[in-house]
Amino acid sequence: MNGQVVHVPFIVRNETNAFCHLCPVEGGIPLPMGELEDFKAIRIRNAYGEDLPFQTKVFAYWPDRTIKWLGLHVESTLGPGEGVGYFLEYGPNVRGFDFA
């Protein structure tokens, strides 16, 4: 990594016919070898650049001990059939927002 912030876009979609208020969303994001050493060096932002609360879990590591698969948990409010875009951001100078 060259010191730049990496932006990984992802979309969450409510596939139900019901309104979903702060529904849990979970998924995994694969990362290239050598990219991310510390799961604390990430943040999740919405399209407006606002930090969102989230939780992570490392599912797998590359042989060089960088993160291969990162599990994410975030909450999202969506109407029936609606979708919303988010960004996972990581880099050497990125720190997740402390919502505690």
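The cut-off here is a pair of cysteine sulfur atoms within 2.5 Å, and the structure holds 1 disulfide. Cys20 is buried, at a relative accessible area of 15%, whereas Cys23 comes out partly exposed at 22%. For those words, buried is under 20% relative accessible area, exposed is over 50%, and partly exposed is in between, using a 1.4 Å probe and protein chains only.

Before I go on, this is a predicted model: local features need pLDDT of at least 70, side-chain atom pairs count only at pLDDT 80 or more, and totals for chains, interfaces and linings use all residues. Residues are numbered from 1 along each chain as its sequence is written, and side-chain values use heavy atoms, with hydrogens and water left out.

Now, what touches both of those cysteines? Ser76 does: leaving aside its neighbours within four places in sequence, its contacts include Cys20 and Cys23, along with Val12, His21, Leu22, Val25, Val84 and Tyr86. Contact means heavy atoms within 4.5 Å. Ser76 sits in strand E5, residues 67-78; strands are DSSP runs of at least two residues, helices (H or I) of at least four, numbered from the N terminus. Ser76 counts as buried because its relative accessibility is 3%. Its side chain also makes a polar contact of 2.8 Å with the side chain of Tyr86. That term means a pair of N or O atoms within 3.5 Å; within protein, one must be able to donate a hydrogen and the other to accept it, and residues adjacent in sequence count only if both atoms are side-chain atoms.

On to the core. The largest nonpolar core has 19 residues, and Phe10, Leu72 and Leu88 have the most contacts inside it. By definition that is a set of buried Ala, Val, Leu, Ile, Met, Phe, Trp, Tyr and Cys residues joined through side-chain atoms within 4.5 Å. E5 gives the largest share, 5 residues. Leu88, leaving aside neighbours within four places, contacts residues including Phe10, Ile29, Ile44 and Leu72.

Last, the sheet. There's an open one of 3 strands, ordered E1-E6-E3 with antiparallel pairing; two strands pair if DSSP finds at least two bridges between them. E1 and E3 are the edge strands, each pairing on one side only. E1 and E6 run antiparallel and are joined by 8 bridges; one example is Val6, whose bridge partner in E6 is Tyr90.
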